[in-house]
Amino acid sequence: MRKTLFVTLACLSATAALSKAQQTPAPTRAERLERAGIIWESPSAWGAPFSEHLSEDLKVAGLSKLWMEVKINFPNFAKIADLDWDKTYLDYLPKVRATTSTYEYYRVLQQLCALLKDGHSNVFLPPQLAARFDADVPIQVEVVEHRVFVSRVMSRSLASAGITRGLEILAIDGVPVHDYVTVHRLPFASGNSPQLAEVNAYEYGLLAGPRDRPVNVTFRSPTSRVFSWRFARTAYADTIA
C-alpha cells in the first residue's frame, strides 16, 4: 500500500511539474542574456547560407566565433599551457583572409582546432563540401608497430580484385605513407594524446579526398609482392556493411 502511495505521489508530482513548465512563458532575450551571457544569442546573424567563396567578413566572423567559443567553454587549457589562444587567433587572421575557397577556409579552421589537442573538439566540413572533398574508399586500415595494414575491405569487387586484409600500405599517390600522413593528415587531426592523434590521422579517412580525383596506393602483400592500385573515390555499389 505504501509503495502504491509513493508511486501515485511521484506521478502527481511529475504531472504538476509538466503542467507548470507548459504554463511558464518563454524567457525574454534579456533573461536569456542574463542567464547565458553573450554566447551566440543572435542565431540569425550566424545563419549565413552556404557559399563556395565566403566573404572576408564572414571568414573573420567564423574564426572569431570559433576562437570565442573555445575561449569560454574549453576546459583543458591547463594541459596545453604553451598555447597562447589569443595570440593564435591573431596569427590565424591573415591565414583565413588568404584562403581562396570555402573548403580551404575550413581546412585552416581544422588546423587551428587541432592545436587544442582534444579528441572531442573538431571542425567538420559542411555537407556540401564533405560530399565532394571527403569522399572515401571502402577500406579500413590499422597501424601495427608503425606499419600500416589493410584491416578490412568493404567492397566485394575490390576483394575479388585482390585488395584483401593483411596488405601493407607503403605509399599514397607516390608519397611514402608516413610522409603523406605528416603533411596531409596529422596537422588536421585532433587528439588529447599523440597516440589518439595518430589513430585519427591513420585509421579514419586515410584515403579520403576529392570525389573526382582517384587515389593511387602502393601495397606490399604478405609474400612481399609490391603493386599499386588506383582507387576511385566514388560510391561503390557492392559495399558490405
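**Exercise 1. Which handedness does the crossing of α4 and α5 have, left-handed or right-handed?** Describe how this helix pair is arranged and what lines the contact.

*Solution.* A reminder before we start: this is a predicted model.

- Step 1: Locate the helices. Helix α4 covers residues 56-73 and helix α5 covers residues 85-98.
- Step 2: Look at the axes. They come within 10 Å and cross at roughly 160 degrees. Angles over 145 degrees count as roughly antiparallel, so α4 is roughly antiparallel to α5.
- Step 3: Settle the handedness. The crossing of α4 and α5 is right-handed.
- Step 4: List who meets whom. From α4 come E56, K59, V60, L63, S64, L66, W67, V70 and K71, and they meet W85, D86, Y89, Y92, L93, V96 and R97 of α5.
- Step 5: The contact of α4 with α5 has ten nonpolar, one polar and five charged residues.

**Exercise 2. Is S121 buried or exposed, and which side chain does the S121 side chain join in a polar contact?**

*Solution.* Begin with the setting, then turn to the neighbours.

- Step 1: S121 sits in the loop that links α6 (102-114) and α7 (127-133).
- Step 2: Its relative accessibility is 15%, and buried means under 20%, so S121 counts as buried.
- Step 3: The side chains of S121 and D118 are joined by a polar contact of 2.7 Å.
- Step 4: Once neighbours within four places in sequence are set aside, S121 is in contact with F74, C113, L116 and S190.

**Exercise 3. Where does L206 lie, and which residues does L206 touch beyond four places away in sequence?**

- Step 1: L206 belongs to the loop between α10 (194-203) and β5.
- Step 2: With 3% relative accessibility, L206 counts as buried.
- Step 3: Leaving out residues up to four places away in sequence, L206 touches V141, V148, I169, I172, Y180, V181, R185 and A201.
- Step 4: Take Y180 from that list. Y180 and L206 are 26 residues apart along the chain, and their C-alpha atoms are separated by 9.4 Å.

Conventions:
Residues are numbered from 1 along each chain as its sequence is written. This is a predicted model: local features need pLDDT of at least 70, side-chain atom pairs count only at pLDDT 80 or more; totals for chains, interfaces and linings use all residues. Side-chain values use heavy atoms; hydrogens and water are left out. Helices (H or I, at least four residues) and strands (E, at least two) are DSSP runs, numbered from the N terminus. Buried means under 20% relative accessible area, exposed over 50%, partly exposed in between (1.4 Å probe, protein chains only). A polar contact is a pair of N or O atoms within 3.5 Å; within protein, one must be able to donate a hydrogen and the other to accept it, and residues adjacent in sequence count only if both atoms are side-chain atoms. Contact means heavy atoms within 4.5 Å. Axes are lines fitted to C-alpha atoms, for helices over the stretch in contact, and angles run from 0 to 180 degrees between N-to-C directions. Angles under 35 degrees count as roughly parallel, over 145 as roughly antiparallel, 65 to 115 as roughly perpendicular and the rest as oblique. A crossing is left-handed if the near helix is turned anticlockwise from the far one by less than a right angle, and right-handed if clockwise. Ala, Val, Leu, Ile, Met, Phe, Trp, Tyr, Cys and Pro count as nonpolar, Asp, Glu, Lys and Arg as charged, and the others, Gly among them, as polar.
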